[in-house]
Amino acid sequence: MDWNPEQHYKNQTIAGEYDKKRFSSIAGRVFNYLEKRIITKCFGELPKDKIIVDVPCGTGRLAEILLEQGYKVHAIDISDEMLTIARQRLAKYSDHFTTEVGDAKQLDQHPVQYDAALCARVLMHFPLEQQIHFLRGVSSLSNGLVVINHSLNSRYQRFRRLIKKLLKHQASVNYPVTDEELNTLLSSAGLKEIKRYRMLPIISEAIYVVASKGVISDDNHHHEI
Ligand SMILES: C[S@@+](CC[C@H](N)C(=O)[O-])C[C@H]1O[C@@H](n2cnc3c(N)ncnc32)[C@H](O)[C@@H]1O
């Protein structure tokens, strides 16, 4: 059966080992450090008294940097096991940090909206149609800013993937997006790109997009909202 990102993390052992497995090697630590720096830049214009919704929050890795900056964070994740780790890690921020188990694809009736949203390290695990569904849910919770992270599928990155495969390196994510697909994803979720950051573009597909709400696109018709 295919790997299912909605089920995989609903497991205590997997949740408990997530950070160690991904971010304890030297490369992992460098990546983690640089990613946190970019996330800080992405929210650079947002006043520090605002509330950011982090979907999916996972183990609270990126929520932590936002809390350190002074923001309040509301964490949503489909896995209570991942949120349990996040609550333990961020216990000292309990006044500023709240959690909720929820499916990003079912957020349209959510009773609360937030000042901004973060959606990191998840979209690339779904086919584009599901990415749109996911991001629409996240975007519906934000009053303005939405920051996403994705994996870019360019000619150079396709070449790099081939080399990685030949060298039997760690498997790449399943659904990176081309520039055109990224535009479709954003506009279908009612988002407009403001700016983007790349991290180590020679060795990483990672891209970070700062977007704002404003446009909904269906079948290539754009409407202001
Ligand atoms: C790779 S982790 C990333 C977590 C965090 N954003 C980070 O960068 O460390 C992916 C997370 O997505 C969550 N997830 C998967 N599908 C989801 C869905 N439909 N709604 C909410 N969370 C979901 C998983 O439970 C997991 O915690």
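We go through the ligand site, one arginine and the backbone.

Modeller: This is a predicted model, so residues are numbered from 1 along each chain as its sequence is written, and local features need pLDDT of at least 70, side-chain atom pairs count only at pLDDT 80 or more, and totals for chains, interfaces and linings use all residues. Side-chain values use heavy atoms, with hydrogens and water left out.

Colleague: How many residues surround the ligand, and which are the closest?

Modeller: A residue is near a molecule if one of its heavy atoms lies within 4 Å of it. Here 21 residues surround the ligand. The closest are Pro56, Arg61, Asp77, Asp103 and Ala104.

Colleague: What classes of residue does the shell have?

Modeller: Ala, Val, Leu, Ile, Met, Phe, Trp, Tyr, Cys and Pro count as nonpolar, Asp, Glu, Lys and Arg as charged, and the others, Gly among them, as polar. The shell has 13 nonpolar, 3 polar and 5 charged residues.

Colleague: Which helices each supply at least two residues of that shell?

Modeller: Helices are DSSP runs of H or I with at least four residues, strands are runs of E with at least two, and both are numbered from the N terminus. The helices are α1 (5-8) and α4 (61-69).

Colleague: Which polar atoms lie by the ligand's nitrogen and oxygen atoms?

Modeller: A polar side-chain atom of Glu6 is 2.9 Å from a ligand nitrogen. An N or O atom in the Arg61 side chain is 2.9 Å from a ligand oxygen. Ile78 has a backbone N or O atom 3.2 Å from a ligand nitrogen. On its own the ligand has 610 Å² of accessible area (Shrake-Rupley method, 1.4 Å probe), and the protein covers 99% of that.

Colleague: Is Arg61 buried or exposed?

Modeller: Buried means under 20% relative accessible area, exposed over 50%, partly exposed in between (1.4 Å probe, protein chains only). Arg61 is at 5%, so it counts as buried. Arg61 sits in helix α4. Contact means heavy atoms within 4.5 Å. Leaving out residues up to four places away in sequence, Arg61 touches several residues, including Asp19, Glu35 and Arg121.

Terms used:
Polar contact = N/O pair within 3.5 Å; in protein donor to acceptor, adjacent residues only side chain to side chain.
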